[in-house]
Amino acid sequence: MNLTHSPGDRRSALLVIDMQYDFMPGGALAVADGDALVPLINRLGRQFARVIVTQDWHPAGHISFADSHPGHVPFQTITLPYGPQTLWPVHCVQGSDGAQLHEALELPHAQLILRKGCNPAIDSYSAFLEADRTTRTGLSGYLREHGIETLYVVGLALDFCVAWSAQDAAREGFNTYVIEDACRAIDLNGSLQAAWQAMGELGVQRIQSQQLQHA
Ligand code: VGL
Ligand code: ZN
């Protein structure tokens with residue numbers, strides 16, 4: 001496989017999405033097998049000079065919580081001023097145990113921990129742009145200032161925060177790879193297939209961790 005920039009290239013970064021307890025088995029919004037990714041992501045992390053970690057980080061009463069909409073239940077979709085919004089169980093509340101990164105995640109050289117979804121009235125699956133598609137997190141600027149051109153994306157959940165982040169990365173002009181076996185999906189009503197379709201249309205490349213082994 002011909003990678004635009006190998007993991008060791010100073011123009012590459014690993015973007016680790018939402019490896020938090022609420023997305024692990026037993027968590028508020030559990031993703032099956034999410035914890036199985038930890039050793040693989042730790043190994044991948046050691047191949048990269050630059051690592052960025054995200055945390056889903058919602059205030060109590062966040063607009064994406066079903067509890068904030070009387071008469072609604074988790075996994076329903078409603079229409080908000082910025083468009084459709086899937087409603088979720090209360091998860092990743094700022095400062096809660098469930099919002100903490102998995103303690104076995106070993107990425108001591110990660111320079112940036114980016115917290116997203118902090119606006120009470122706007123969700124943010126993407127690490128780049130909130131769900132209103134206008135409010136920016138600053139991640140693009142950070143990456144550009146550090147000369148990053150290529151992103152490798154891993155973590156949870158593949159069909160939501162990983163997919164939205166990868167699509168925005170591609171739209172922002174970064175060479176974007178999603179390492180499939182270093183992700184796990186929620187898969188709600190065909191969301192996983194739709195996510196691969198949308199990512200493919202934007203030129204996001206689907207790879208396996210093995211392809212980085214000797215890269
Ligand atoms: C996520 C649903 C709600 C994710 C975050 O990290 O994929 N999914 N908030
Ligand atoms: Zn969330």
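**Charged side chains and their partners**

Arg136 has a relative accessibility of 48% and therefore counts as partly exposed; buried means under 20% relative accessible area, exposed over 50%, and partly exposed in between, with a 1.4 Å probe and protein chains only. Its partner is Glu172: the two side chains meet in a salt bridge of 3.0 Å, N to O. A salt bridge is a side-chain nitrogen of Lys or Arg within 4 Å of a carboxyl oxygen of Asp or Glu. The pair links distant parts of the chain, 36 residues apart, with Arg136 in the loop between strand S5 (112–116) and helix H2 (139–145) and Glu172 in the loop between H3 and strand S7 (175–184). Helices (H or I, at least four residues) and strands (E, at least two) are DSSP runs, numbered from the N terminus. Glu172 has a relative accessible area of 18%, so this residue is buried.

The model is predicted: local features need pLDDT of at least 70, side-chain atom pairs count only at pLDDT 80 or more, and totals for chains, interfaces and linings use all residues. Residues are numbered from 1 along each chain as its sequence is written, chains are lettered from A and ligands numbered from 1 in the order in which they are written, and side-chain values use heavy atoms, with hydrogens and water left out.

A second salt bridge joins the side chains of Arg206 and Glu180 at 3.0 Å, N to O. Because Arg206 lies in strand S8 (residues 205–207) and Glu180 in strand S7, the pair ties together parts that are 26 residues apart in sequence. Arg206 is partly exposed at 46% relative accessible area, and Glu180 is also partly exposed, at 23%.

Arg11 and Asp9 form another salt bridge through their side chains, at 2.8 Å, N to O. Here Arg11 is partly exposed, with a relative accessible area of 28%, whereas Asp9 counts as buried at 17%. Asp18, Asp56 and Lys116 are linked in a network of salt bridges. By the rule given above, the count comes to 9 salt bridges.

Attention may now turn to helix H3 (residues 158–171), where Asp168 lies. With a relative accessibility of 3%, Asp168 counts as buried. Its side chain makes a polar contact of 3.0 Å with that of Arg133 and one of 2.7 Å with that of Arg171. A polar contact is a pair of N or O atoms within 3.5 Å; within protein, one must be able to donate a hydrogen and the other to accept it, and residues adjacent in sequence count only if both atoms are side-chain atoms. Leaving aside neighbours within four places in sequence, Asp168 is in contact (heavy atoms within 4.5 Å) with Ser126, Phe128, Leu129 and Arg133.
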